[in-house]
Amino acid sequence: MERKDSMKKTGYWTMACLLAVITVFSGCASNGGKEAAEGTVRVLFASAVVDSSAAEEYASKLAERSDKIQAVECSTISLGNQSDPTMYMAGTMKVAAMVAGKEVDVIFFDRDAAAADARAETFYALDELFSADALAQMQDRLIRYHQVDTEGNELQEETADCGLDLSDDAELTKILNSSQVGVYVVGNAQNLEAVKALILSYLK
């Protein structure tokens, strides 16, 4: 199933270039934008404060969730609080750069922090990936967001269903230091069969 060409690539590449003058940090391991080996899923954990060690341990067990997942590569980004605009901008730009560089397939995200990327159509709409039966199983856990105007006020218009709520995963909420978390598939993700298997494993 092909990704619709709706991702705002120009904006992401602009932000990626700006990273050259901003220092950010990520944990675990990164494949540096190289094409992922077959069956490999590259996961990113992103929230205000991420427990990188715990994230790495969590990621190390993800391959056990499906035979279609051969390996998992892990990165983390602590975005900081929006009260510190410089750090928060650096973190969000790092996420954008990883997406533009095809370094990540799946993001475990604080739900509020994921909103801007959802509105920018960074993520797959889940109905582009999954059958009606699978979506029915996700029904009570689907994540969508209200669009906002230029001043940040919510509009009636909403995004597509682009995330699966995992707030009942105590280990994950602890890693992301957030009570409201979700998992999202990046619009240029590789190895989609392995990626979809990972998402579906959370329905079992």
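I take buried to mean under 20% relative accessible area, exposed over 50%, and partly exposed in between, with a 1.4 Å probe and protein chains only. By that cut-off F108 is buried, at 0% relative accessibility.

The model is predicted, so I note its limits: local features need pLDDT of at least 70, side-chain atom pairs count only at pLDDT 80 or more, and totals for chains, interfaces and linings use all residues. Residues are numbered from 1 along each chain as its sequence is written, and side-chain values use heavy atoms, with hydrogens and water left out.

Next, aromatic pairs. I pair rings of Phe, Tyr and Trp (its six-membered ring) if their centres lie within 6.5 Å; planes under 30 degrees apart are stacked, over 60 edge-to-face, the rest tilted. I find seven aromatic pairs in the structure.

I looked up Y58 and F108. Their ring centres are 5.9 Å apart and their planes at 85 degrees, so I log the pair as edge-to-face. Y58 sits in helix α2 (residues 52-60) and F108 in strand β4 (residues 106-110), so this pair ties together parts 50 residues apart in sequence. Helices (H or I, at least four residues) and strands (E, at least two) are DSSP runs, numbered from the N terminus. Y58 is buried, with a relative accessible area of 4%.

Then F108 and Y202. Their ring centres lie 6.3 Å apart with planes at 70 degrees, so this pair is edge-to-face. Y202 is in the segment after α7 (192-201) and F108 in strand β4, so the pair ties together parts 94 residues apart in sequence. Both F108 and Y202 are buried.

I record one aromatic cluster formed by F45, Y58, F108 and Y202.
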